[in-house]
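Dear colleague,

Please find below the structure that I am handing over to you. My findings follow directly after it.

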Amino acid sequence: MVRLDENEISFPDPEVYDGHEGLIAFGGDLSIERIWFAYQLGIFPWYNPGEEILWWCPDPRFVLYPEEIKVSKSMRKILNRNIFTFSENRNFREVIRSCQQTNRKGQTGTWLSDELMNTFIRLHEYGLARSIEVWQNDELVGGFYGLQIGNVFCGESMFAKVSNASKAGFIHFVENNKEQLELIDCQSHTEHLESLGARMIPKKEFLKILHENNERR
């Protein structure tokens with residue numbers, strides 16, 4: 001495993017370096033330049049606040065092809081009832097803050113530190129990160145955020161304050177962006193996203209799509 005130099009923004013090539021269970025490197029910093037560079041390489045940070053920053057590129061990779069989105073009959077009924085409304089980039093700060101504060105099964109804390117959250121907020125201000133908001137009666141009840149690299153959306157985290165809010169937002173996002181999106185990177189497996197059609201693909205296949213989108217930007 002490679003230790004990163006804080007004074008140089010570089011990473012091991014994830015196409016040729018596997019690491020242990022997808023762990024590519026450790027150390028470095030959470031500057032907007034390093035985070036943006038990492039995501040263009042298919043690498044993302046995931047670590048416990050107060051500990052070393054860990055950088056990952058797992059194999060296989062958990063992704064969703066937009067045309068493979070699965071919508072259950074019960075979810076279709078919920079969407080057709082219009083109990084939720086949706087927006088994009090209306091309140092990025094509140095979305096990421098809600099993701100940070102969400103209690104998750106099996107986790108005692110959050111991987112989303114204040115420093116990392118502030119970096120994503122700055123990336124949003126540069127037009128590189130986007131958020132999807134889900135509203136009910138003018139209250140923000142769900143949403144998610146991520147980075148946009150060409151036609152690949154790199155999803156980061158989501159939250160829901162009421163049942164089905166984040167799922168409805170995700171379906172709405174995919175169905176309304178099918179023409180513009182080639183792939184959604186979900187990073188690591190969750191049953192929630194698997195139920196919507198996400199699946200594992202080889203790392204090399206994911207990196208090939210990502211690199212092609214980098215070249216087209």
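Is glutamate 52 buried, partly exposed or exposed? With a relative accessible area of 37%, glutamate 52 is partly exposed. Please bear in mind that the model is a predicted one.

**Salt bridges**

In total, the structure contains 9 salt bridges. Three of them are described here.

Glutamate 52 takes part in one of these, meeting the side chain of arginine 3 at 2.8 Å, N to O. Arginine 3 belongs to strand 1 (residues 2-4), whereas glutamate 52 sits in the loop between strand 3 (44-45) and strand 4 (54-56), so this pair ties together parts that are 49 residues apart in sequence. Arginine 3 has a relative accessible area of 51% and is therefore exposed, since the class of exposed residues begins over 50%.

A further salt bridge joins arginine 61 to aspartate 185, with 2.8 Å between the closest N and O atoms. Because arginine 61 lies in strand 5 (residues 61-64) and aspartate 185 in strand 10 (residues 183-187), the pair ties together parts that are 124 residues apart in sequence. Both arginine 61 and aspartate 185 are buried.

Arginine 76 and glutamate 175 also form a salt bridge, their closest N and O atoms being 2.7 Å apart. Here too, distant parts of the chain are linked: arginine 76 is in helix 2 (residues 73-80) and glutamate 175 in helix 5 (residues 165-175), 99 residues apart. Arginine 76 counts as partly exposed, at 30% relative accessibility. Glutamate 175 likewise counts as partly exposed, at 31%.

**Packing of helices 3 and 4**

At what angle do helix 3 and helix 4 pack? Helix 3 (residues 92-101) and helix 4 (residues 114-125) meet at about 155°, and their axes are 10 Å apart. Helix 3 is therefore roughly antiparallel to helix 4, as angles over 145 degrees are classed in this way.

On the side of helix 3, the contact is made by Phe92, Arg93, Ile96, Arg97 and Gln100. Helix 4 contributes Asp114, Met117, Phe120, Ile121, His124 and Glu125. Sorted by class, the residues in this contact of helix 3 with helix 4 comprise 5 nonpolar, 2 polar and 4 charged ones.

Yours sincerely

Terms used. Residues are numbered from 1 along each chain as its sequence is written. This is a predicted model: local features need pLDDT of at least 70, side-chain atom pairs count only at pLDDT 80 or more; totals for chains, interfaces and linings use all residues. Side-chain values use heavy atoms; hydrogens and water are left out. Axes are lines fitted to C-alpha atoms, for helices over the stretch in contact, and angles run from 0 to 180 degrees between N-to-C directions. Helices (H or I, at least four residues) and strands (E, at least two) are DSSP runs, numbered from the N terminus. Angles under 35 degrees count as roughly parallel, over 145 as roughly antiparallel, 65 to 115 as roughly perpendicular and the rest as oblique. Contact means heavy atoms within 4.5 Å. Ala, Val, Leu, Ile, Met, Phe, Trp, Tyr, Cys and Pro count as nonpolar, Asp, Glu, Lys and Arg as charged, and the others, Gly among them, as polar. A salt bridge is a side-chain nitrogen of Lys or Arg within 4 Å of a carboxyl oxygen of Asp or Glu. Buried means under 20% relative accessible area, exposed over 50%, partly exposed in between (1.4 Å probe, protein chains only).
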